[in-house]
Amino acid sequence: MPSPGVAAPLTPFVDPLPVPPRLLACEHDGRLVVRMRTGVHRFHRDLPTSRIWGFDGCVPGPTIEAERGHPVRVEWINELEGTLPVAVTVAPTEADADGVPVQCVAGLSGGRRDADAAALPGFTVVHLHGGLTAAPYDGWTENFFAPGQNAVSDYSMDQRAALLWYHDHVMGVTRFTVYAGLAGLWIIRDERERDLGLPEGAPFELPLLLQDRNFGRDEHGRLTGELVHKTDPGTMEAFAPFTTVNGKVWPLQEVRPATYRLRVINGSNARTFRLVLMHAGQPDLVRISQIGTDHGLLRAPVSVPSQGLVLAPAERADLLVDFSDLEPGTELTFLNTATAPFDGSPFSPERAAEATSLDGLLPHPDVMRLRVVSGPRSRRPPLRRQMASDFSRPSVEQLAGAVRRAVALVEQELDGEINMLTMRELIPAGDEDPTEQLVTIVAPDANGTDRTIARYRTVACHFEDTVTIFPILGQYEVWQFINLTGDTHPMHIHLNPFQVLARHPVTVTVPDGGITDTLTGATVRYGRGTDDPLTHALDDNELGLKDTVRVNPNEIVELAVRFETHSGRYMYHCHILEHEDRDMMRPIVIMPAELAPFMA
């Protein structure tokens, strides 16, 4: 919908929702060939075509479907031609002459085209996000291959049914290559899920890849269709004004009066979505049940959170939406109420129609529309109270001897440069360590007096620093992500899923000079601040198997992870791609217990 001061330059809900072609591994004996190609794509009826990079030359790439326990081998062939099909720029100011933030409008906003990005050829390496993949095939960020080369990856598919996604992961430029189109969905099926009678395939199962995009303007102000990745002096992330679903801006999907399964993933560079389904001007979240998350089915179906379904970049949700009571012609609209950069701040769903916020870089909250059409009315039987029994919360006894790790999420301000985002790996400090260079954790006792419960010093900051995390295969670990920044970070760990144990409210004090290139000084006090609007409670839909978790400001997130499948070198990182590319990524090496005694 139009926002005050920024009219929508494209008409919403005129393009039908495209559904990516299905590529079924079972029809190819588990051996697939996927080509990365330069292509053209029309993001909206009224836009010229855009030059893109895509898997099989499409945006998104084909949805690969595999059966649990049936390995898949993919030959990824790099046939990308030319240079990056995205105009990359940093606008000279945060707002235009009318005071509108430049990220809320199309075009370069006076920015110069980045010459290095314009000359970038199509290097690529593919990561299957959520895959229990052996290390040689996980898409290590520095193992990229050039146009004219190929890579063969083996995926065991020895994991639960779930929605995964595959995307480019090249060191330093993932924010550009994914923006150019190098992403696609991957669905794993299994008999346990089929026993529940869930929709599978068309027409009642719809994969939905949410992304935001911006486009160029010509000398007359008309949209050109050229992809534009635009940031500004105050915001290092690209928050583009147009939401796309499966590569179309604000599409329309016709639905019958039946139950649909929506497989939703946020594939944006940086934007978080808080989805509110609107019907007749009011929120209608009650017709949605969430049955799954990142790594498949929840133990039981849950309602979506009362303020809407929050998905940060890389998070997924498996939804059942019941349209069976609606008459033909009824229209429902998904709106986004999450401002950017997202910090978890609440927004009432009753006000979703007023979610437009230029200051919050949300000029157009529309996501997509659903229109009910005639067809057989079909109400599915009630969902089983228990949908999955193959996992449970780790017990206190299981975690009693677990290795404990602490990682601080840090934004370092730099003079004359874009801020540096890093993850500071911490270990307990000794008495000889200077206090001003430590992260000190304090908690009030029964009398309200602060007591120190931990003191940490920094042992690694940057991607190329020495590896310090060596999990032992098969053993539980408890990780704490301590957010010292003002933004929410979606933290992703490669390989095995984890379970989120708790969100702890804290207040953070960083002294002047507390953050340097190698040192971290801060005081983190347990307890919710008086000006903190967040509850820091776990939502019911976070109690499944996850591979990406939101870490809000003024928060410590605690999770339990056990690497059970493969050993070797993997990584974890923030899944805001501009942060990942700006050094918010670190390696880990998973070790078999038998080798550990031989490792220095």
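Which residues do ring pairs link into a cluster?

**View 1. A cluster of aromatic rings in the predicted model.** Phe55, Trp76, Tyr155, Tyr166 and Trp186 make up a cluster, linked by ring pairs. The count of aromatic pairs in this structure comes to 15.

**View 2. The tilted pair of Phe215 and Phe242.** A pair of aromatic rings is described by the distance of the centres and the angle of the planes. For Phe215 and Phe242 the distance is 5.6 Å centre to centre, and the angle between the planes is 40°. Phe215 belongs to strand β12 (residues 215–217), while Phe242 belongs to strand β14 (residues 242–245), so the pair ties together parts that are 27 residues apart in sequence. Phe215 and Phe242 are both buried.

**View 3. The edge-to-face pair of Tyr260 and Phe323.** The ring centres of Tyr260 and Phe323 are 5.7 Å apart. Their planes meet at 70°, and an angle over 60 degrees counts as edge-to-face, so this pair is given that name. Tyr260 is in strand β17 (residues 259–266). Phe323 is in the loop between β23 (316–322) and β24 (331–336). Tyr260 has a relative accessibility of 2% and counts as buried, because buried means under 20%. Phe323 has a relative accessible area of 0% and is buried as well.

**View 4. Arg213 over the ring of Tyr179.** Here a charged residue is shown with an aromatic ring. Arg213 lies over the face of Tyr179, and the distance to the ring centre is 4.3 Å.

Terms used:
Residues are numbered from 1 along each chain as its sequence is written. This is a predicted model: local features need pLDDT of at least 70, side-chain atom pairs count only at pLDDT 80 or more; totals for chains, interfaces and linings use all residues. Side-chain values use heavy atoms; hydrogens and water are left out. Rings of Phe, Tyr and Trp (its six-membered ring) pair if their centres lie within 6.5 Å; planes under 30 degrees apart count as stacked, over 60 as edge-to-face and the rest as tilted. Helices (H or I, at least four residues) and strands (E, at least two) are DSSP runs, numbered from the N terminus. Buried means under 20% relative accessible area, exposed over 50%, partly exposed in between (1.4 Å probe, protein chains only). A charge sits over a ring if NZ of Lys or CZ of Arg is within 6 Å of the ring centre and within 35 degrees of the ring normal.
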